[in-house]
Amino acid sequence: MKFIDMHCDTLLGTAFGEKIDLNRNAKAIDFQRMKQAGFSAQFFAMCLMPEDHYQKKGLQKPSDMEFMTSLSNCFYRNLEAYSEVAAFAGNKKDLLCNEKEGKLSCLLSVEDGNGINGSLAGLEKMYQMGVRMISITWNMENCLGYPNSFDSEKMALPLKPFGLEMVDAMNQMGIIVDVSHLSDGGFWDVARICKENHKPFVASHSNARAMTPHSRNMTDEMIRAVAECGGAIGLNFCAAFLSKDIHSKDSRIDDMVRHMKHIRNVGGIDCMALGGDLDGTSGNLEIDRVDKVPLLMERLSREGFTASELDKISYLNVLRVIGDTLK
C-alpha cells in the first residue's frame, strides 16, 4: 500500500534555529520511516508563525519571505543531500517518475497565505519557490480572509476581495487551495470559485464537525461540497479534532475510525485522505510517527473498508487532486 499525506510541520523548527535532517531524526517524520511505511509522497508545510511564538523563545520575528526562504532552503538542502532517497515533485508526472526511480516525493505547501504579501506577484514568487498548496489562513486574520472561530459572527465572515482574486489565480496557476483553518464563510467562497473553475480544493488536515464539534472541522454540507468538486479531506491526528471532547489530549485510532466512517457516509470514499499534522500536534497520540500510519489502515480493514477503498484513502484520491490541479 502506498501513502500520500497532505500535511506535516516537520520543517517548522528551522524557523527557531533548529538543524533538521529529513533523512533520519527524532521527530515524527523522516525519509527512512516514510519508506518503511510505504509512503510515496508527503506535503511539507511552511506554517507562518505569529510574533508571540518568537517572543517566547527570545527571538525576533522574521518577515514572511525570510521565514519561507529559511524553511524552503532547509527543504531543498535535504533533497540535495539525500537525492538517492527523495526528490521534489511539482506535479503528478514528477511524482510518478520519482516512484519509478524508487524515490520519495516531497511537495512544498504554505500554511497561511499571508506570505504572498498582498499581491499576485507574491503568489508567483511562492510558485517559483516550489509551493504547490496554500492554506488560505492559519489562526489569524490576514490579507485574504478570516480563520475559523467559535464566535458565529466571525465564523461567517467571507473571503476578502483580494482573497477571492487569489483563489481564482491559484486555480489558474496550478496551486491546490486548502481550506483547513478557514472561516465557514471563506470556505463557501472557495467552494463557489473552485466549482466555477472546475477545480478541486482540499481540507488538508481537518475532520468531521458532526463527530467532534470543533470549528476547525468540516460540517456535513462542507464535506459534500469538497466531494462534489473532486477534492479531498485529510484526516487530522490532533486529539482536539478527533475526540468527542475538544479539550482531550488523547488521539486514538478508535476516534479516527469514527470520523472516517462518517466522512465516507456523507461524502463518499473518493473525498477521503490523510493529513496527519504530525510534528504539528502534541498530546498522547496513538499514531505519533509516520511509520505507525499503516496501523490505521489495518484497523480500517478490520472495520470493513475494502482494499480498493483503502487505496483511495491512502493514495489515489490525493494523486487525483494533484493530477487535476498541478501543472
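Which residue lies over the face of phenylalanine 16, and at what distance from the ring centre? Lysine 57 does, at 4.9 Å from the ring centre; a charge sits over a ring if NZ of Lys or CZ of Arg is within 6 Å of the ring centre and within 35 degrees of the ring normal. Likewise, the charged end of arginine 216 sits over the ring of phenylalanine 241, 4.7 Å from its centre.

The model is predicted: local features need pLDDT of at least 70 and side-chain atom pairs count only at pLDDT 80 or more, while totals for chains, interfaces and linings use all residues. Residues are numbered from 1 along each chain as its sequence is written, and side-chain values use heavy atoms, with hydrogens and water left out.

**Aromatic pairs**

The whole structure contains eight aromatic pairs. Rings of Phe, Tyr and Trp (its six-membered ring) pair if their centres lie within 6.5 Å; planes under 30 degrees apart count as stacked, over 60 as edge-to-face and the rest as tilted. Two of the pairs are set out below.

| Pair | Centre distance | Plane angle | Class |
|---|---|---|---|
| Phenylalanine 16 and tyrosine 54 | 5.1 Å | 50° | tilted |
| Phenylalanine 187 and phenylalanine 201 | 5.5 Å | 70° | edge-to-face |

Phenylalanine 16 lies in the loop between strand S1 (3-5) and helix H1 (31-37) and tyrosine 54 in helix H2 (residues 51-55), so the pair ties together parts that are 38 residues apart in sequence. Helices (H or I, at least four residues) and strands (E, at least two) are DSSP runs, numbered from the N terminus. Phenylalanine 16 is partly exposed at 23% relative accessible area, whereas tyrosine 54 is buried at 2%. Buried means under 20% relative accessible area, exposed over 50%, and partly exposed in between (1.4 Å probe, protein chains only).

In the other pair, phenylalanine 187 belongs to helix H8 (residues 184-196) and phenylalanine 201 to the loop between H8 and strand S7 (202-203), so parts 14 residues apart in sequence are tied together. Phenylalanine 187 is buried at 1% relative accessibility, and phenylalanine 201 is buried at 0%. Elsewhere, Phe44, Phe75, Tyr76 and Phe88 form one aromatic cluster.

Threonine 14 is in the loop between S1 and H1 and is buried, with a relative accessible area of 11%. Not counting residues up to four places away in sequence, threonine 14 touches Ile20, Ser70, Leu71 and Cys74, where contact means heavy atoms within 4.5 Å.

Aspartate 64 is part of helix H3 (residues 64-81). Leaving aside neighbours within four places in sequence, aspartate 64 is in contact with Leu48, Asn114 and Gly115.

**Helix H11**

Helix H11 (residues 253-267) has 15 residues and reaches 21 Å from its first C-alpha to its last, close to the 21 Å expected at 1.5 Å a residue. The expected span is 1.5 Å times one less than the number of residues. Among the buried residues of H11 are Ile253, Met256, His259 and Val266. Glycine 268 follows H11 and has a positive phi, near 95°.

**Cysteines**

The structure holds zero disulfides, a disulfide being a pair of cysteine sulfur atoms within 2.5 Å. For cysteine 47 the closest cysteine sulfur is that of cysteine 8, at 11 Å, too far for a bond. Cysteine 106 also has cysteine 8 as its closest, with the sulfurs 8.9 Å apart, again too far. Cysteine 47 is buried at 2% relative accessibility, and cysteine 106 is buried at 1%.
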